[in-house]
Amino acid sequence: MAGNIYGLDLGTYEIRIYDKKRDRIRREKNTVALKDRKYIFAAGDEAYEIYEKNPSDIQVFFPMKDGVIARIDDMQYLLCLILGSGRHAIRGVQYVAAVPTDITEVEKKAFYDLLLHSEAKARSVRIVERGIADALGCGVDVMSEKGVFVANFGGDTTELSVISRGNVIMNRLVKKGGHDCDREIVSLVRHNMEFLIGNTTAEMLRRSFGVFSKKNTRQAPVCVSGRDLITGVPSQKDIPVRLVRSAMKETLEMYVEVIRSMIGRTPPDVRSAIMEKGICLTGGMANMNGMSAYLKKYTGLPVKKVRAPELCAVKGLRKIISDRSYYKQLTYPMYGEDSRWLR
């Protein structure tokens, strides 16, 4: 695969990769299952299938945490598994990785080490700020727009970026995401109903009910399986919409407060453009029913949501890799890597 280029969007719960040679996007769960904490039992989608169903001798781990690499060995194994089956299958290629802006240099260097010092044997590693990639994936011409506000609501983090003329002028990485909402749902159901459900069940409830309804239409409760904490036996209960949305209320209000704060600190000329164009909504949590309506109501800004918002960053990487001018202006070499365009 000499001369190929990969665009990497490493999310906490899912890896999205653009393969230039095949011109395709691949998705895989960012999950590794270890047996006795030593041996890899499963990885990727296969490992996620046993999440919260695994026996006691098998532990399921997520190599990413809070938007950065937490388990580099597991991440290297998983990446090599996705990109090629053989040790020599993925050597000598170039990588462009979407990286959060608001992380330390040490955390950014971990992305470099992941690719350069593993079996991947990258010829060069370059980065692009994820807010830029997200905006491009939303169809925004970041080089000409005076002001763009991008809100990426992910599973583990939320990244908010203000972009002007191809530069991120303000960025905030909030270490809360969809799975924090899931944990709050689990906690509130346990406290109010004496009923224990798992995180995957809580995620299903969150997606079923959404976060907001424009009209006061009543939604029927959803029947789920769990464990009755009074009797101690497995059973089923109906979970009402009000309970699920109450659990998410604090996190959603925090999102609105942070967005308002960032808008208030944005330079006036950029802010006026954002007030007109509104928020570009990306990330997996953007798929939830009512998310765009909720933000529009409580921030007072228009909200633009595109199809498959969880793929915005990797689609933006595809544009950057495919367009020489974008590549030169929007990517940055890491730690002395050259800027040669691989042919």
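**A helix and its salt bridges**

Guide: The side chains of Arg130 and Glu159 form a salt bridge, with N and O 4.0 Å apart; the term denotes a side-chain nitrogen of Lys or Arg within 4 Å of a carboxyl oxygen of Asp or Glu. Arg130 belongs to helix α4 and Glu159 to strand β12 (residues 158-164), so this pair ties together parts that are 29 residues apart in sequence. Helices (H or I, at least four residues) and strands (E, at least two) are DSSP runs, numbered from the N terminus.

This is a predicted model, in which local features need pLDDT of at least 70 and side-chain atom pairs count only at pLDDT 80 or more, whereas totals for chains, interfaces and linings use all residues. Residues are numbered from 1 along each chain as its sequence is written, and side-chain values use heavy atoms, with hydrogens and water left out.

Both Arg130 and Glu159 are buried, that is, under 20% relative accessible area, where exposed means over 50% and partly exposed in between (1.4 Å probe, protein chains only). Helix α4 (residues 130-137) is mostly covered, with 8 of its 8 residues buried; among them are Ile132, Asp134 and Leu136. After α4 comes Gly139, which has a positive phi near 90°.

Arg130 and Glu159 also take part in a network of salt bridges that links them with Asp9, Glu14, Arg16, Arg27 and Glu310. In the whole structure, a search finds 16 salt bridges.
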